[in-house]
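Reader: Could you walk me through this structure? I am new to it and would like to take it slowly.

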Amino acid sequence: MCGITGIYSLSGERIPPAKLHSMTEMLSYRGPDDHGYAVFTPDGRSIVTRNPEELAGHPDIVLGFGHRRLSILDLS
């Protein structure tokens, strides 16, 4: 199974990058093989990364998604 997280600020307040990272890490049991983040700023910029430290450099997030991936190999 894989896992997806998402968070949106209805009030326009900025979302702490650590919150998105924490939400995504809570789903690590659903996909231990890979992970990534896509975040959006109020001015429409987007950042796509696998590195949670890179998110910390973008504190003006208003919409964010995280994912965990489980790699399944079909042996048939």
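Author: Let us begin with a term: a salt bridge here is a side-chain nitrogen of Lys or Arg within 4 Å of a carboxyl oxygen of Asp or Glu. By that rule, the side chains of Arg45 and Asp43 form a salt bridge, with 3.3 Å from N to O. Please keep in mind that this is a predicted model, in which local features need pLDDT of at least 70 and side-chain atom pairs count only at pLDDT 80 or more, while totals for chains, interfaces and linings use all residues. Residues are numbered from 1 along each chain as its sequence is written, and side-chain values use heavy atoms, with hydrogens and water left out.

Reader: How many salt bridges does a search of the whole structure find?

Author: The search finds four. As a general point, side chains of opposite charge can pair when their charged atoms come close.

Reader: Which residues are linked with Arg45 in a network of salt bridges?

Author: Asp43 and Asp60 are linked with Arg45 in that network. The side chain of Arg45 meets that of Asp60 in a salt bridge, again given as 3.3 Å from N to O. Arg45 lies in the loop between strand 2 (34–40) and strand 3 (46–49), and Asp60 in the loop between helix 2 (52–56) and strand 4, so this pair ties together parts that are 15 residues apart in sequence. Helices (H or I, at least four residues) and strands (E, at least two) are DSSP runs, numbered from the N terminus.

Reader: And is Asp43 buried or exposed?

Author: Asp43 is exposed, with a relative accessible area of 56%; buried means under 20%, exposed over 50% and partly exposed in between, using a 1.4 Å probe and protein chains only. Arg45 is partly exposed at 39%, and Asp60, at 21% relative accessibility, also counts as partly exposed.

Reader: What does Arg68 pair with?

Author: Its side chain meets that of Glu25 in a salt bridge, with 3.0 Å from N to O. The two come from distant parts of the chain, since Arg68 is in strand 4 (residues 63–69) and Glu25 in helix 1 (residues 17–25), 43 residues apart. Arg68 is buried, with a relative accessible area of 8%, whereas Glu25 is partly exposed at 33%.

Reader: Changing topic, how many residues of strand 2 are buried?

Author: Five of its seven residues are buried, so strand 2 is largely enclosed by the rest of the structure.

Reader: Which strands does strand 2 pair with?

Author: Strand 2 is joined to strand 4 by seven bridges, and the two run antiparallel; two strands pair if DSSP finds at least two bridges between them. Within that pairing, Val39 stands opposite Gly64 in strand 4. Strand 2 also pairs with strand 3 in the antiparallel sense, over four bridges, and there Tyr37 stands opposite Thr49.

Reader: Where is a positive phi found in the hairpin of strand 2 and strand 3?

Author: Gly44 takes a positive phi near 90° in that hairpin, which has five residues between the strands.
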